[in-house]
Amino acid sequence: METILSLKNLDKKYGSVHAVNNLSFDIQKGNVYGILGPNGSGKSTTLGIILNVVNRTSGSFSWFNGKLSTHEALKKVGAIIERPNFYPYMTAEQNLKLICTIKGISSEKIDEKLKTVNLFERKNSKFKTFSLGMKQRLAIASALLNDPEILILDEPTNGLDPQGIHEIRTIINKIASTGTTILLASHLLDEVEKVCSHVVVIRKGIKLYSGRVDEMTASKGFFELKVAKDDTLLIKALKELSAIHKVSKEQETIIATLNESISAEEMNAFLFKKGIVLSHLVKRKPSLEQQFLDLTNNN
């Protein structure tokens, strides 16, 4: 599979602030990637570096397997990393024509891109009459004018109402279905879970996880266990099991986090042999939210 973008040990410091810390990951063609992290985690700085608007301190990045210079590669990139900036008294179509002139590209695809973002019916409306969601959709249309191989979006649903968020997510899925690679930065778990196939989780500029979204949630899970009386023996027995990574207590419930697969039947049989009779046994899988919280709280 073709590597569209590769980051190697990327670093950015602003004085004593380490905004991006030794960051490495690859973007493969045809996938939707989310850079996920709390506000201030280095997401926007990372996008700024690869788009040549922020100077890196050290490390490197390369586009299209290193076959193109950054200047040439960026002609194949569509990006929105700041709030849409259009002329308020010009129509949607006029604004896009101006962008085509500035970029030196054909304006023949304006109608097609306006249809992609569901704004074709408003092509002759002035930009100042648009809602925030419509403005964001027009920005996406402008980033698609050069038929980019990769679309880069920084917090694409920030500040939008639920309807606007839904529209942007639907459009991102539509664009991805055509084979366009997408890289978006977000602090919203829901966004990444709904539109991304892959995720890079960062906090304070450091990568905590990189991989498929479904693999992030495919941990071995955990057990909730209870006994009728004293749970000292239960805790002791659980710590003997190699399949268990961690044992903790939440009120009357014992939580046993797994690092290997083990069924509820196997767990029950093991404890029964130890003379422990359970009053409660449930196996659960953690959500993406729980995985994210575990990653960002423990690092």
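# Exercises on a predicted model

In the lining of the largest pocket, α3 gives the most, with five residues. The model is predicted, so local features need pLDDT of at least 70 and side-chain atom pairs count only at pLDDT 80 or more, while totals for chains, interfaces and linings use all residues. Residues are numbered from 1 along each chain as its sequence is written, and side-chain values use heavy atoms, with hydrogens and water left out.

## Exercise 1: the pocket

Describe the largest pocket by its volume, its lining elements and its residue classes.

**Solution.** 

Step 1. On a 1 Å grid over the protein atoms alone, a pocket is an open set of points with protein on both sides within 12 Å along at least five of seven lines; a cavity is a set where a 1.4 Å probe fits but cannot get out; lining residues have an atom within 4 Å of a point. Grid points are joined across faces, edges and corners, and the volume is the space filled by probe spheres set on them.

Step 2. Read the volume. The largest pocket has about 840 Å³. Its lining holds 25 residues, and the closest to the centre are Ala79, Ile80, Ile99, Lys103 and Ser142.

Step 3. Find the elements. Helices (H or I, at least four residues) and strands (E, at least two) are DSSP runs, numbered from the N terminus. At least two lining residues come from each of β5 (77-80), α3 (92-103) and α5 (132-144).

Step 4. Sort by class. Ala, Val, Leu, Ile, Met, Phe, Trp, Tyr, Cys and Pro count as nonpolar, Asp, Glu, Lys and Arg as charged, and the others, Gly among them, as polar. The lining has 16 nonpolar, five polar and four charged residues.

## Exercise 2: the overall form

Why is the protein described as more spread out than a compact globule?

**Solution.** 

Step 1. Count the elements. The protein has eleven helices and 13 strands.

Step 2. Apply the rule. The radius of gyration is taken over C-alpha atoms, and the globule rule is 2.2 Å times the number of residues to the power 0.38. For 299 residues the rule gives 19 Å; the protein has 24 Å, well over that, so it is more spread out than a compact globule.

Step 3. Look at the box. Along the principal axes, the C-alpha atoms fill roughly 80 × 45 × 35 Å.

Step 4. Check the contacts. Contact means heavy atoms within 4.5 Å. Of the contacts with a separation of 6 or more, 67% join residues 24 or more positions apart.

## Exercise 3: buried or exposed?

Classify Lys43, Ile175, Thr101 and Ser62 as buried, exposed or partly exposed.

**Solution.** 

Step 1. Set the cut-offs. Buried means under 20% relative accessible area, exposed over 50%, and partly exposed in between (1.4 Å probe, protein chains only). In the whole protein, 48% of the 299 residues are buried.

Step 2. Take Lys43. This residue lies in helix α1 (residues 43-50). Its relative accessible area is 5%, so Lys43 is buried. Beyond four places in sequence, Lys43 touches residues including Ile35, Glu155, His187 and Ile202.

Step 3. Take Ile175. Helix α6 (residues 162-177) holds Ile175. At 4%, Ile175 is buried. Thr116 is 59 residues from Ile175 in sequence, yet their C-alpha atoms are 7.8 Å apart. Thr116 is also one of the contacts of Ile175, along with others including Ile140 and Leu144.

Step 4. Take Thr101. Thr101 sits in helix α3. Its value is 62%, so Thr101 is exposed. From Thr101 to Leu188, 87 residues along the chain, the C-alpha separation is 35 Å.

Step 5. Take Ser62. Strand β4 (residues 58-63) contains Ser62. At 28%, Ser62 is partly exposed. Leaving out neighbours within four places, Ser62 is in contact with Ile4, Leu5 and Ser6.

## Exercise 4: positive phi

What is the phi of Glu155 and of Lys204, and where does each residue lie?

**Solution.** 

Step 1. Recall the background. Most residues other than glycine have a negative phi.

Step 2. Read Glu155. Its phi is near 50 degrees, a positive value. Glu155 is in the loop between β6 (150-154) and α6. With 11% relative accessible area, Glu155 is buried.

Step 3. Read Lys204. Its phi is positive too, about 50 degrees. Lys204 is in the loop between β8 (198-203) and β9 (206-212). With 56%, Lys204 is exposed.
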